[in-house]
Amino acid sequence: MLERIRYFIFRALRNMRQWPFLCTASILTMAVALATVGSFFLVVVNVEQLATRWTKEIQVIAYLKAPPATAELPELIKKIKTFPEVTTVAYVSPAEAMTRFRERLGDESGLLDGISDNVLPASFEIGVQQEYRTQQGVSQFVEKLENTLNLDDLRYGQKWLERFTSFVQMLRFVGIVLGGFLLLAALFIVSNTIKLTLYARRDELEIMALVGATMRFIKVPFMLEGAIQGFLGGLLSLLFLALSFSFIIARSLNSFWLTPADFELLFLSFSQQLTLVLSGVLLGTLGSLSSLRRFVRL
């Protein structure tokens with residue numbers, strides 16, 4: 001058994017040495033195809049992470065019809081904190097709201113002279129847990145607040161949140177559609193490239209079939225060859241991805257004006273890198289198998 005496995009591996013490596021140009025073309029084709037899919041995956045993942053980071057600033061501001069009594073305030077804050085959506089609660093009294101307003105006006109704060117400090121409404125500034133920073137999550141939380149507090153108004157960036165939700169949904173849809181298309185295109189290109197290598201060896205395949213070689217004897221070395229080429233293509237694509245991530249993707253996203261200064265870009269995890277290389281092995285094996293059907297009628 002081991003002798004047979006060694007023979008198949010030796011035969012596959014020998015075939016690759018005999019046709020270096022076609023072998024190199026197959027490896028490069030798979031490397032480019034996998035690197036294209038991987039680059040697109042990296043862009044989608046990082047843009048989605050960046051979009052999620054923007055939601056960190058989301059908070060619900062609940063304006064009250066009347067300031068709560070001093071004795072009731074701790075109980076109200078405690079009640080709001082019991083909601084699973086809440087991270088922080090801060091009470092802003094009318095006087096504090098007026099102070100903030102004066103600070104924002106700066107040199108024009110004199111316009112407020114003579115105006116009572118109680119003219120602005122009291123409010124709660126409520127931070128929201130990350131998993132609830134969606135249109136649906138915030139809307140459900142707002143309903144709870146309306147049933148709990150005596151509210152005059154609620155603000156949480158409704159229009160911005162709707163646009164953000166639509167943007168994330170569109171990004172995921174485009175990622176799935178375009179990613180699937182790129183994978184199919186990669187399989188098609190790789191299959192045809194390997195087919196060219198088999199076409200150059202069609203005489204060898206026919207002779208092997210005529211002398212009585214079994215289908216497995218013919219098929220296994222070529223499938224093994226495709227798997228080795230896919231493995232090398234996967235490693236090359238990983239190297240290309242690392243270089244393009246450092247010199248193109250990272251610089252492009254970091255120069256984006258909406259990217260926070262402390263934002264950390266994501267590269268492929270170890271399991272994703274392993275998946276990329278194994279995808280190359282699978283791609284090469286499937287490409288060889290589909291091409292062999294054409295030449296040896298398996």
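In which helix does Leu243 lie? Leu243 lies in helix H8, where helices (H or I, at least four residues) and strands (E, at least two) are DSSP runs numbered from the N terminus. The model is a predicted one, in which local features need pLDDT of at least 70 and side-chain atom pairs count only at pLDDT 80 or more, while totals for chains, interfaces and linings use all residues. Residues are numbered from 1 along each chain as its sequence is written, and side-chain values use heavy atoms, with hydrogens and water left out.

Leu243 has a relative accessibility of 45% and therefore counts as partly exposed, on a scale where buried means under 20% relative accessible area, exposed over 50%, and partly exposed in between (1.4 Å probe, protein chains only). Together with Leu28, Leu236, Leu239, Phe247 and Ile248, Leu243 forms a nonpolar patch on the surface, with about 580 Å² of accessible area together. Such patches are made of residues with over 30% relative accessible area and no salt bridge, like charges being joined within 9 Å and nonpolar side chains (Val, Leu, Ile, Met, Phe, Trp, Tyr) within 5 Å; the areas come from the Shrake-Rupley method with a 1.4 Å probe, and for residues only the protein chains shown count as cover. Helix H8, which spans residues 215-254, gives the most to this patch, with five residues.

Phe240 also has its place in helix H8, and its relative accessible area of 48% makes this residue partly exposed. When residues up to four places away in sequence are not counted, Phe240 touches Ala35 and Ser39, contact meaning heavy atoms within 4.5 Å. The C-alpha atoms of Phe240 and Val177, 63 residues apart along the chain, are separated by 23 Å.

Turning to the sheet, four strands form an open arrangement in the order E2-E3-E1-E4, with antiparallel pairing; two strands pair if DSSP finds at least two bridges between them. Strand E2 (86-92) and strand E4 (151-155) are the edge strands, each pairing on one side only. Neighbouring strands of this sheet are turned by 20° against each other on average, direction ignored. Strand E1 (residues 59-64) runs antiparallel to E4 and is joined to E4 by four bridges, and Leu64 has Leu151 as its bridge partner in E4.

Two helices lie across these strands. Helix H4 (residues 94-105) lies across E2 and strand E3 (123-128), running at about 90° to E2, whereas helix H5 (residues 135-148) lies across E1, E2, E3 and E4, running at about 165° to E4. Axes here are lines fitted to C-alpha atoms, for helices over the stretch in contact, and angles run from 0 to 180 degrees between N-to-C directions.

The structure holds four salt bridges, each being a side-chain nitrogen of Lys or Arg within 4 Å of a carboxyl oxygen of Asp or Glu. One of them joins the side chains of Arg100 and Glu96 (3.6 Å, N to O), which both lie in helix H4, four residues apart, about one turn of the helix. Arg100 also meets Glu125 in a salt bridge (2.5 Å, N to O). Because Arg100 lies in helix H4 and Glu125 in strand E3, this pair ties together parts that are 25 residues apart in sequence. Glu125, at 17% relative accessibility, counts as buried, whereas Arg100 is partly exposed at 33%. Another salt bridge is formed by Asp153 and Arg155, whose closest N and O atoms are 3.0 Å apart. Salt bridges that share partners join Glu96, Arg100 and Glu125 into one network.
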